Amino acid sequence: MAANQYFNGGRFDEALAILVVLVQRAPKEGRAWEMYGQTIAMKAKQAELEARAEDAKRLWLQAYGHYQQAIVLDPESSGLHQSTGMISLSAGRTAEALQHFLKAGELDPSDPQPPVFAAQLLMQTGRYNEAEAELLRAHEIDPDQPMVHASRAVIELQRENYEAARRFISLARQINPLDIGLLAQEARIHHRAGQPRRSLEMLLLLTDEQKTQIAVAEELAAGYLAIDQPLDTAAVWVNRSRHRPEAADRWQDAIKASEAFLMAGDREEAWLWLQDAKRMAPDDEGVTSLEAKFADTHNQESSED
């Protein structure tokens with residue numbers, strides 16, 4: 001198929017031109033609808049990279065519509081349901097995504113991925129017992145999936161069963177000891193169990209670059225706050241910001257650094273980081289809220305004088 005060649009070459013507009021005609025001429029060709037959706041999804045990813053949020057949202061929904069049409073034509077394909085679930089997630093249709101993952105698992109009970117994905121969505125809505133059942137199903141298929149053990153650790157953490165959470169995250173890390181995200185998750189368990197210093201000790205051995213991973217940065221920042229060291233919390237976000245000078249969301253690091261400096265009583269440094277955030281995202285609610293907080297504290301100080 002010529003559209004496939006254009007798609008593989010990254011020439012998505014040319015692929016779309018062919019696919020539009022193809023689905024008109026052969027509307028019952030499921031593979032054509034799926035590829036149409038794939039191509040629109042790639043356009044959506046491009047829009048995200050270019051920070052065109054509204055275009056990306058519209059394109060993801062359009063891609064989901066095409067995948068739905070492919071499902072109508074081939075409803076018994078586990079792989080297609082799994083792919084449609086992934087597109088549903090990007091389109092913000094989480095309820096539909098869950099149904100597609102559940103259906104994929106039903107159609108192919110030998111694949112551990114559908115129940116793992118279904119479990120993540122069930123966990124997001126607090127349906128932990130149902131999520132646990134899906135994870136047990138995935139574990140029976142493949143006992144060496146670190147995500148399964150890590151997800152069970154999350155569930156036990158929510159239940160405040162800290163020893164069980166430690167046991168499951170330990171199993172996950174034994175399978176994948178180099179995964180920084182799993183290390184951060186273990187640190188979070190120690191923190192939630194009332195051991196923030198142990199959490200910090202685990203993460204402080206990482207390089208400055210590794211500390212820029214969001215899960216690590218968030219846990220480091222929370223650990224320092226737990227032991228009343230807001231200046232060290234600020235340093236976490238300063239480090240992340242300086243290692244990601246071109247990141248589209250770097251203003252979020254600047255806001256967090258500003259808030260921590262303000263908490264530490266360093267208004268001058270807090271103001272500088274607020275201005276950095278404002279330059280990148282002047283209309284963001286977090287920026288305007290922090291500006292209001294500065295104004296409130298200034299008025300309070302003036303009234304005390």
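**Helix pair α3 and α4**

Helices α3 and α4 are roughly antiparallel to each other, a term used for angles over 145 degrees, with under 35 counting as roughly parallel, 65 to 115 as roughly perpendicular and the rest as oblique. The model is predicted: local features need pLDDT of at least 70, side-chain atom pairs count only at pLDDT 80 or more, and totals for chains, interfaces and linings use all residues. Residues are numbered from 1 along each chain as its sequence is written, and side-chain values use heavy atoms, with hydrogens and water left out.

- The axes of α3 (residues 30–49) and α4 (residues 53–73) cross at roughly 165° and come within 8 Å.
- Axes here are lines fitted to C-alpha atoms, for helices over the stretch in contact, and the angles run from 0 to 180 degrees between N-to-C directions.
- The crossing of α3 past α4 is left-handed, meaning that the near helix is turned anticlockwise from the far one by less than a right angle; clockwise would be right-handed.
- By class, the contact of α3 with α4 has 13 nonpolar, six polar and five charged residues.
- Ala, Val, Leu, Ile, Met, Phe, Trp, Tyr, Cys and Pro count as nonpolar, Asp, Glu, Lys and Arg as charged, and the others, Gly among them, as polar.

**Overall make-up**

- The protein has 17 helices and zero strands; these are DSSP runs numbered from the N terminus, with helices (H or I) of at least four residues and strands (E) of at least two.
- Along the principal axes, the C-alpha atoms fill a box of roughly 80 × 45 × 35 Å.
- Of the 305 residues, 42% count as buried, where buried is under 20% relative accessible area, exposed is over 50% and partly exposed is in between (1.4 Å probe, protein chains only).
- Among contacts with a separation of 6 or more, 48% come from residues 24 or more positions apart; a contact means heavy atoms within 4.5 Å.

**Helix pair α7 and α8**

- Helix α7 (residues 113–124) packs against helix α8 (residues 128–141) at an angle of about 165°, with the axes 8 Å apart.
- That angle makes α7 roughly antiparallel to α8.
- Here too the crossing is left-handed, with α7 passing α8.
- On the α7 side, the residues that meet α8 are P115, V116, A118, A119, Q120, L122 and M123.
- On the α8 side, the partners are Y128, E130, A131, E134, L135 and A138.
- By class, this contact of α7 with α8 has ten nonpolar, one polar and two charged residues.

**Salt bridges**

- A search of the whole structure finds 20 salt bridges, each a side-chain nitrogen of Lys or Arg within 4 Å of a carboxyl oxygen of Asp or Glu.
- R166 and E163 form one of them, at 2.5 Å from N to O.
- Both R166 and E163 lie in helix α10 (residues 162–175), three residues apart, about one turn of the helix.
- R166 is buried, at 18% relative accessible area, whereas E163 is exposed at 56%.
- D253 and R240 form another salt bridge, at 2.8 Å from N to O.
- D253 lies in helix α15 (residues 250–264) and R240 in helix α14 (residues 230–243), so the pair ties together parts that are 13 residues apart in sequence.
- D253 and R240 are both buried.
- R244 and D249 also meet in a salt bridge, at 3.0 Å from N to O.
- R244 is buried, with a relative accessible area of 17%, while D249 is partly exposed at 29%.

**A buried glutamine**

- Q185 lies in helix α11 (residues 180–192).
- Q185 counts as buried, at 11% relative accessibility.
- Apart from its neighbours within four places in sequence, Q185 is in contact with A150, A153, V154 and I169.

**Positive phi outside glycine**

- E160 has a phi near 65°, a positive value in a residue other than glycine.
- E160 lies in the loop between α9 (146–158) and α10, and counts as exposed at 54% relative accessibility.
- D228 is not a glycine either, and has a positive phi of about 60°.
- D228 is found in the loop between α13 (214–226) and α14, and counts as exposed at 63% relative accessibility.
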